[in-house]
Amino acid sequence: MADRADYVWMDGKIVPWAEAKVHVSADTVLRGGNIFEGMRAYWSEAERELYIFRNAEHLKRLRQSAKIMRMSIAYSDAQLTAGFIELLRKNRFTEGVHFRPVVYFGEGEAYGFKPEEVHNGVFVLAYSRPHAKSITTGIHSCTSTWRRNSDVSSPSRLKAAANYHNSRLATVEARLNGFGVPIMLNDRGEVAESPGSCFMMVRDGVLVTPPVTADILESITRATLIQLARDELGLQVLERDIDRSEVYIADEAFFCGSGAEVLPIVSVDHYPVGEGKVGPLTKAIQDLYFRVAKGGVPKYRHWLTPVYGEAGAAAAAAQ
Ligand SMILES: Cc1ncc(COP(=O)(O)O)c(C=O)c1O
């Protein structure tokens with residue numbers, strides 16, 4: 001199967017990829033007027049089942065983004081979940097999937113600034129997305145010269161497409177300079193996050209990550225790892241500001257996110273992180289994360305929504 005799926009879910013219907021269209025005059029095209037979620041489903045070979053990871057938490061965040069945007073969503077959580085399941089089944093995925101529900105402003109009032117006078121709709125795109133090779137090798141990061149969007153201008157906690165213009169500037173700059181995913185500082189000069197994932201580091205055995213008030217997305221993976229690190233690995237976790245120079249003397253560092261998963265950082269601005277290779281706690285956290293996401297840890301099975309089993313439909317109805 002190509003990276004992209006054959007079908008798209010669009011306003012309650014499954015349509016072939018080529019027919020999933022919005023008009024060029026739509027606000028989502030002209031001004032990036034949409035909110036979205038980036039979600040994963042993991043394939044369990046042992047159970048021959050595909051599991052959506054933390055569906056309820058993603059839907060909750062989608063509604064929070066909609067609230068900030070004063071945007072309504074015409075579908076209930078149960079309807080959206082049923083749509084995700086229908087789409088993943090229709091595309092017959094039997095490997096890792098990344099999918100993106102998007103709530104977009106369409107056509108209506110000129111300039112699109114009156115939410116009640118602008119049509120809005122929902123579509124869901126899915127892509128086959130196996131693990132990236134770099135989650136094993138780690139990446140060489142840098143500090144971006146671009147600052148992360150500030151809460152007083154374009155809140156980073158809002159998962160809106162328009163925020164990703166800022167991400168794009170930072171990503172392209174890092175690539176042109178020969179680096180992988182960059183670290184972005186916020187307006188106060190503290191570490192915020194990457195263009196598409198959150199940042200964590202280990203110092204003296206303590207897991208440290210910027211707080212949710214550091215101009216970051218309130219990441220579901222970040223919350224997941226904080227819980228797993230504390231409850232399963234017995235680690236102390238601190239949510240506090242991180243200075244740029246602290247990153248240079250960290251023992252370990254990694255990015256985390258639904259898309260990025262747990263992505264080790266082996267150097268930043270040419271300073272090796274720790275010994276310049278994937279750190280042992282990073283590896284332990286990564287292993288645990290994948291075991292949980294693929295259904296291997298019974299205690300956390302309530303985070304998973306099955307796609308193919310009978311239970312898939314029932315779980316959708318219950319949400
Ligand atoms: C800017 C940004 N920060 C952080 C994250 C991580 O969030 P989550 O763990 O909910 O996927 C993402 C998305 O993956 C993101 O786009």
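A polar contact, as I use it here, is a pair of N or O atoms within 3.5 Å; within protein, one must be able to donate a hydrogen and the other to accept it, and residues adjacent in sequence count only if both atoms are side-chain atoms.

I am working on a predicted model, where local features need pLDDT of at least 70, side-chain atom pairs count only at pLDDT 80 or more, and totals for chains, interfaces and linings use all residues. Residues are numbered from 1 along each chain as its sequence is written, and side-chain values use heavy atoms, with hydrogens and water left out.

I looked up T221 and found an N or O atom of its side chain 2.5 Å from a ligand oxygen. For Y164, I noted a polar side-chain atom 2.5 Å from an oxygen atom of the ligand. In R61, a side-chain N or O atom is 2.7 Å from a ligand oxygen. I then checked cover: the protein covers 96% of the 380 Å² of accessible area that the ligand has on its own (Shrake-Rupley method, 1.4 Å probe; for residues, only the protein chains shown count as cover).

**Salt bridges.** I found 18 salt bridges in the structure, each a side-chain nitrogen of Lys or Arg within 4 Å of a carboxyl oxygen of Asp or Glu. I looked at one of them, R301 with E47, at 2.8 Å from N to O. This pair links distant parts of the chain, 254 residues apart.

Conventions. Helices (H or I, at least four residues) and strands (E, at least two) are DSSP runs, numbered from the N terminus.
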